[in-house]
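Student: I am new to this structure, and I would like to learn how its features get their names. Could we look at it together?

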Amino acid sequence: QVELVESGGGLVQAGGSLRLSCAASGRTFSNRVLAWFRQAPGKEREFVAGITWVRIPTYADSVKGRFAIARDNAKNTVYLQMNSLKPEDTAIYYCAAASRLVTTPGSYDYWGQGTQVTVSS
């Protein structure tokens, strides 16, 4: 059974930092794209960042220069370092896996359960 488990969410003040982790089990994801999405209340799920198995990253414009995605293929884990957090970054953050790096949620076939990130002003 494939499972993606996120951790590292929490409450932080604006300008602060958080590091999210997502550990995959049940199969290897070393040849898959791993990505982070987020969903705020009343909004659609949106792409945040993705990384190919050769570690080429892609970012949404809203997080460029503030967030950094990384992966450890040996540990089957993807990370999201979030700096200079803003209240508008508040959302549930999900990790996901796909065969290619696209920004549409429907193209991802494995999902974690999500972790809440709340940024206070």
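**Naming what we see**

Tutor: Gladly! Let us begin with two cysteines: C22 and C95 are both buried. "Buried" stands for under 20% relative accessible area, "exposed" for over 50%, and "partly exposed" for in between, with a 1.4 Å probe and protein chains only. Please keep in mind that this is a predicted model, where local features need pLDDT of at least 70 and side-chain atom pairs count only at pLDDT 80 or more, while totals for chains, interfaces and linings use all residues. Residues are numbered from 1 along each chain as its sequence is written, and side-chain values use heavy atoms, leaving out hydrogens and water.

Student: How do you know that a disulfide joins C22 to C95?

Tutor: A disulfide is a pair of cysteine sulfur atoms within 2.5 Å. From S to S, C22 and C95 are 1.9 Å apart, so the pair meets the definition. The structure holds one disulfide. Its link is right-handed, with 40° about the S-S bond.

Student: What makes the pair of C22 and C95 a tie between parts of the chain?

Tutor: C22 lies in strand β3 and C95 in strand β9 (residues 91-98), so parts that are 73 residues apart in sequence are tied together. Strands here are DSSP runs (E, at least two residues), numbered from the N terminus.

Student: Why are β1 and β3 said to pair?

Tutor: Two strands pair if DSSP finds at least two bridges between them. Strand β1 (residues 3-7) and strand β3 (residues 18-25) have five bridges, so they count as paired, in the antiparallel sense. E6 stands opposite C22 in β3. Strand β3 also runs antiparallel to strand β8 (residues 77-82), with six bridges, and there R19 has Q81 as its bridge partner.

Student: What makes β1 and β7 the edges of the sheet?

Tutor: The open sheet has four strands in the order β1-β3-β8-β7, with antiparallel pairing. β1 and β7 (67-72) each have a single partner strand, so one side of each has no neighbour in the sheet.

Student: Why is the pair of F37 and F47 called edge-to-face?

Tutor: Rings of Phe, Tyr and Trp (its six-membered ring) pair if their centres lie within 6.5 Å; planes under 30 degrees apart are stacked, over 60 edge-to-face, and the rest tilted. F37 and F47 are 5.6 Å apart centre to centre with 80° between the planes, so the pair is edge-to-face.

Student: And why is the pair of F37 and W111 called tilted?

Tutor: Its centres are 5.1 Å apart and its planes 55° apart, so F37 and W111 pair and count as tilted. This pair links F37 in strand β4 to W111 in strand β10 (residues 110-111), 74 residues apart.

Student: Are F37 and W111 buried, exposed or partly exposed, and how do you know?

Tutor: F37 has 0% relative accessibility, so F37 counts as buried. W111 has 28%, so W111 counts as partly exposed.

Student: How do you know that the charged end of R45 sits over the ring of W111?

Tutor: The rule asks for NZ of Lys or CZ of Arg within 6 Å of the ring centre and within 35 degrees of the ring normal. The charged end of R45 is 4.8 Å from the centre of the W111 ring. R19 likewise lies over the face of Y79, at 4.1 Å from the ring centre.
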